[in-house]
Amino acid sequence: MKPLPRIVQAETLDGLAEDDPDAMRSRRDLRRVHRVMGSCSMLSRILRAWALPRGRALRVLELGAGDGSLMLRVARALAPRWPRVELTLLDRQALVGPATLRRYASLGWTATTSRTDVLDWAAAEPRADAGGSGPRWDAIVANLFLHHFPERELAGLLRAVAARCDHFVACEPRRARSALVASHLIGAIGANAVTREDAVLSVHAGFRGRELSALWPADGSAWTLRERPAGAFSHCFHAVREGPG
Ligand SMILES: C[S@@+](CC[C@H](N)C(=O)[O-])C[C@H]1O[C@@H](n2cnc3c(N)ncnc32)[C@H](O)[C@@H]1O
């Protein structure tokens, strides 16, 4: 059977205002989708395995962070190992509430939000996004985010990511017939019309094989790249810079 071609189309949620009731409901649906996909455990497992600097706060950036609730679950899983984290939640919409920020604080993580289009972030000078103290994030994370972008934008985005961190992970929809079938059945977990439509679009825009590795820049650094199907419906890519970054 021929592999599904990659088709990127605008998702319904992205066209809705932050306070649109259908959008709010769809973001709540997304939390159930994360549970079905096992997103928190996949991300936590990959992040936990990284050898990150000790003795200072880690600087972590999430791209397309949404309401910050998935990363909060990841933070709960990682806080015993990563007690001090300066986390930036970047999204082009302002979706993270004060209660979520307080929950991060209770774990010892300082979370701040950045309402920014990621393509502007990618186009900006690296130093500008790091509080003036250097261009590097210890880790950059993305979940259900990269699939929003066609290859050309994605290549530029991954170039910016590689220039600004030593560790990167993305968990995305798997572009596979089994995932497509499941996306058509997502109403079974009570998903609304926005989520039902976007789930199908997301699978068509998802990834397979080594597609993200092929877009990762050859920037002169040695990177270890891993890309593989994960869980029943996900496709995970992670990149670790070897040696001093
Ligand atoms: C499917 S949601 C995933 C949210 C979160 N990562 C999660 O897994 O719950 C995609 C998010 O990407 C954001 N987004 C889409 N295009 C963006 C862009 N160009 N720049 C920044 N954020 C963007 C949307 O606002 C939305 O919050």
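## Helix α2 and its surroundings

The buried residues of α2 (39-48) pack against α1 (21-37), α3, β4, β5, β6 and β7 in this predicted model, where contact means heavy atoms within 4.5 Å and buried means under 20% relative accessible area with a 1.4 Å probe and protein chains only. Helices (H or I, at least four residues) and strands (E, at least two) are DSSP runs numbered from the N terminus. Because seven of the ten residues of α2 are buried, the helix is largely enclosed by the rest of the structure; these residues are Ser39, Cys40, Met42, Leu43, Ser44, Ile46 and Leu47.

As this is a predicted model, local features need pLDDT of at least 70 and side-chain atom pairs count only at pLDDT 80 or more, whereas totals for chains, interfaces and linings use all residues. Residues are numbered from 1 along each chain as its sequence is written, and side-chain values use heavy atoms, with hydrogens and water left out.

## The sheet

Seven strands form an open sheet of mixed pairing, in the order β3-β2-β1-β4-β5-β7-β6, two strands being paired if DSSP finds at least two bridges between them. The edge strands, β3 and β6 (223-230), each pair on one side only, and the twist averages 15° from one strand to the next.

Strands β1 and β4 run parallel and are joined by four bridges, and Val60 has Ala139 as its bridge partner in β4. Helix α3 lies across β1, β2, β3 and β4, and runs at about 160° to β3.

## Nonpolar cores

A nonpolar core is a set of buried Ala, Val, Leu, Ile, Met, Phe, Trp, Tyr and Cys residues joined through side-chain atoms within 4.5 Å. The largest has 32 residues, and those with the most contacts inside it are Val60, Met71, Trp82, Leu87, Tyr104 and Trp109. Its largest share, six residues, comes from α3, and a second, separate core of 29 residues includes Ala122, Phe145, Cys165 and Leu212.

Not counting residues up to four places away in sequence, Val60 touches Met71, Trp82, Val85, Glu86, Leu87, Thr88, Trp137, Ala139 and Val141.

## Packing of α7 with α8

Helix α7 (residues 177-184) and helix α8 (residues 193-204) pack at an angle of about 170°, with their axes 8 Å apart. This makes α7 roughly antiparallel to α8, a label used for angles over 145 degrees. The contact is made by Ala179, Leu180, Ser183 and His184 of α7 together with Arg196, Ala199, Val200, Val203 and His204 of α8.

Note on methods: Buried means under 20% relative accessible area, exposed over 50%, partly exposed in between (1.4 Å probe, protein chains only). Axes are lines fitted to C-alpha atoms, for helices over the stretch in contact, and angles run from 0 to 180 degrees between N-to-C directions. Angles under 35 degrees count as roughly parallel, over 145 as roughly antiparallel, 65 to 115 as roughly perpendicular and the rest as oblique.
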